[in-house]
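Subject: Structure handover

Hello,

Here is the structure you asked about, followed by notes on what was found in it. Please read the notes with the structure open.

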Amino acid sequence: MSFSSFSKDFNANMYTSVENQFITKYLPQAEGDAVRVYLYGLYLCSCKQEFDAHSAAALLKIPYERLLEIFGFWEDCDLIRILSREPLFVEYLPVNAAIGRPKSIRPEKYAQFNKELYKLLQKAGKDFKPYEMQRILEFLENNPMEQQAFLLVVEYCAKKDGDRLSCAHVLNKANKLCADHKFTYEQVEQNFADFNNREKELSQLFALLGIYKKPQESDYLYLDRWAQRGVEWGAVLACAKTLKKGTLSTLDSLVDELCEKDAKTRTAAAEYLALREELTSIVFKVARKLGVKVQNPRPYCEEYAEKWLERGYDGESLFLLAALGLKLGYGFEELNALIEKLYREGVVDGAGVSAYCASQDKQLRMLQKIQSVCGVVRKTQTVLDMLSAWQSWNFSDAMIMEAAKRSANASAPVPYMNKLLSEWKRLNVFEVSDIPERNAAPSSQKEYRSEAAIAADSRSERENYYARLHAKAVASAERVRKTLERDEEYACADAAVRTGEIALAKAEFYEPQNIPSIRSALEQAQKTRAAALLRLNLREEDLLPKYTCIKCSDTGYLPDGKLCDCYKKA
């Protein structure tokens, strides 16, 4: 024993802890005397003074034999262990470790309950086995749920499951209700009323999403999650109507978008979803115009389309610019840079964009004429801007074409044209007939050519070499492609592969549940195409040009415009 101890006054002011599980699980089914004896014995565990069982019985005003009987009851419940009966000495056990021993159940206690339970089972066309009935009575013995509340659980499960009603499902549902502290008839009835309303809500969502199954327990977690995040039911319905097809997981992703945009009310959600649909439509249409494949439109909506609409560009204007971008080989990033440029210049409305596109188309046609004369001329915005600059110098198309003819043999035709036109502007020459003799004939070009032009001409032969080399590789691949197009099996399989790739891209965003079937069909089409290639003694690589230099594709120039190493070594 320790050298120190609590005083009597200190002990009198201390607390006796009672585990919550004893209050919820054992107290409701125990008689008053049993509870008094358990609590007083629990109190005595922390007392230092000597106190025997006879004194406790006298203090509690119950016979000693009754005290022994009560402690025997608690021992059956595995809450105490009787170490000695004379003198009585008991040891208290943790409540959370108690599993309880099988106890005899008084039949008269559940006579009326059994009658009503059999009526419900007969109505449902079910018959529980004796051991299942025993499990139900043991549940009622060990849990504080009212008998009428349990019968309500059976009635609910019978309506929900029909001829698939099982004792396991009934007990599982009853245990969940007890875990939520739903013990009385009124509490259980209110819970089922709420549950039925939520079931109607899920059925409504299933109908909108094209889901043909009964709601599962896990499905209700989505309703709880949306409610906890403050999303109105009208907003959730608006999302389901927008998707039209999908799963609750897909719907949950769209609801997450609403939360990110703080559009949790029905009105705000409707506005956001309408804008989202418009942006998505614009992204896909622009992508088709550009010849670009888009799988998930959301990043493009947020980075490009939303900004374009905010700046006043309408759908038709964007589609015109995208069609122009296709001719220039643009992607979304280059198209966005073009729109940024037009915005800075104040070209926003439909008429302005239409006029700009018309002028650019005219410039492209002019560029084609120049290409027909000069050969390789890159189709870039810089070249188009130079054409606009020449026209702003008051040069006619005839004068520009004359400059092109005189630059045909130059290795860099456009810079050479710019030199000629700038010199003619300085000499105030704007008609072909007025061009000085020294500029009119190729033989006299040496008299006015700069050192840069002479150096450029020295590379002309190499550029012609690259042009022939590139054309040869492309022509070889084109011959293979035409051979394959004449093979019916390959042509059908190739078309199926292209269609499958597009369908897979759409399904990844709109119909993820269809991805496995689409991917399977795509893989089969790819196998068929590979078999056709093998039959023709060809490979996939034969469809691509076989360039001598992979880095520059036999052009002499890298993608960033710099000279390739093979050009420098030539």
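A residue is called buried when its relative accessible area is under 20%. By that cut-off, buried residues make up 38% of the 570 residues in the chain. Please keep in mind that this is a predicted model.

Overall make-up

The chain has 27 helices and 2 strands. Among the contacts in the chain with a separation of 6 or more, 62% are between residues 24 or more positions apart.

In soluble globular proteins, nonpolar side chains tend to be buried together. Here the largest nonpolar core has 55 residues, and those with the most contacts inside it are Val286, Leu321, Phe332, Leu335, Ile370 and Trp424. At least two residues of this core come from each of α14 (266-290), α15 (298-310), α16, α17 (332-344), α18, α19 (381-392), α20 (397-406) and α21 (413-426). Helix α18 gives the most, with 8 residues. There is also a second, separate core of 30 residues, which includes Phe139, Cys157, Phe183 and Phe192.

Helix α18 and its partners

Two packed helices are described by the angle between their axes and the distance between the axes. Helix α16 (residues 315-328) and helix α18 (residues 350-374) pack at an angle of about 15°, with their axes 9 Å apart. Angles under 35 degrees count as roughly parallel, so α16 is roughly parallel to α18. The crossing of α16 past α18 is left-handed. On the α16 side, the contact is made by Ser317, Leu320, Leu321, Leu324, Lys327 and Leu328. On the α18 side, Gly350, Val353, Ser354, Tyr356, Cys357, Gln360, Asp361 and Leu364 take part. By class, this contact of α16 with α18 has 8 nonpolar, 4 polar and 2 charged residues.

How do α18 and α19 lie relative to each other, roughly parallel or roughly perpendicular? Their axes come within 10 Å and cross at roughly 95°. An angle of 65 to 115 degrees counts as roughly perpendicular, and α18 and α19 are therefore roughly perpendicular to each other. In this contact Tyr356, Gln360, Gln363, Leu364, Met366, Leu367 and Ile370 of α18 meet Gln381, Val383, Leu384, Leu387, Ser388 and Gln391 of α19. The residues of the contact of α18 with α19 divide into 8 nonpolar, 5 polar and no charged. Tyr356, Gln360 and Leu364 of α18 are listed both in the contact with α16 and in the contact with α19.

Gln363 is placed in helix α18. Its relative accessibility is 4%, so Gln363 counts as buried. Apart from neighbours within four places in sequence, Gln363 is in contact with Leu384, Leu387, Ser388 and Gln391.

Helices α12 and α13

Helix α12 (residues 233-243) and helix α13 (residues 248-260) have axes that come within 10 Å and cross at roughly 125°. That makes α12 oblique to α13. The crossing of α12 and α13 is right-handed. From α12, the residues in contact are Ala235, Val236, Cys239, Ala240 and Leu243. From α13, they are Thr250, Leu251, Leu254, Val255 and Leu258. The residues of this contact of α12 with α13 divide into 9 nonpolar, 1 polar and no charged.

Two further buried residues

Met399 lies in helix α20. At 0% relative accessibility, Met399 counts as buried. Which residues does Met399 touch, not counting residues up to four places away in sequence? Met399 touches Leu421, Trp424, Val429, Phe430, Glu431, Val432 and Ile435. The C-alpha atoms of Met399 and Ile435 are separated by 9.5 Å, and these two residues are 36 residues apart along the chain.

Val37 lies in helix α3 (residues 32-44). With a relative accessible area of 2%, Val37 is buried. Not counting residues up to four places away in sequence, Val37 touches Leu60, Ile62, Leu67, Ile70, Phe71 and Tyr92. Val37 and Arg66 are 29 residues apart along the chain, and their C-alpha atoms are separated by 10.0 Å.

Regards

Notes:
Residues are numbered from 1 along each chain as its sequence is written. This is a predicted model: local features need pLDDT of at least 70, side-chain atom pairs count only at pLDDT 80 or more; totals for chains, interfaces and linings use all residues. Side-chain values use heavy atoms; hydrogens and water are left out. Axes are lines fitted to C-alpha atoms, for helices over the stretch in contact, and angles run from 0 to 180 degrees between N-to-C directions. Helices (H or I, at least four residues) and strands (E, at least two) are DSSP runs, numbered from the N terminus. Angles under 35 degrees count as roughly parallel, over 145 as roughly antiparallel, 65 to 115 as roughly perpendicular and the rest as oblique. A crossing is left-handed if the near helix is turned anticlockwise from the far one by less than a right angle, and right-handed if clockwise. Contact means heavy atoms within 4.5 Å. Ala, Val, Leu, Ile, Met, Phe, Trp, Tyr, Cys and Pro count as nonpolar, Asp, Glu, Lys and Arg as charged, and the others, Gly among them, as polar. A nonpolar core is a set of buried Ala, Val, Leu, Ile, Met, Phe, Trp, Tyr and Cys residues joined through side-chain atoms within 4.5 Å. Buried means under 20% relative accessible area, exposed over 50%, partly exposed in between (1.4 Å probe, protein chains only).
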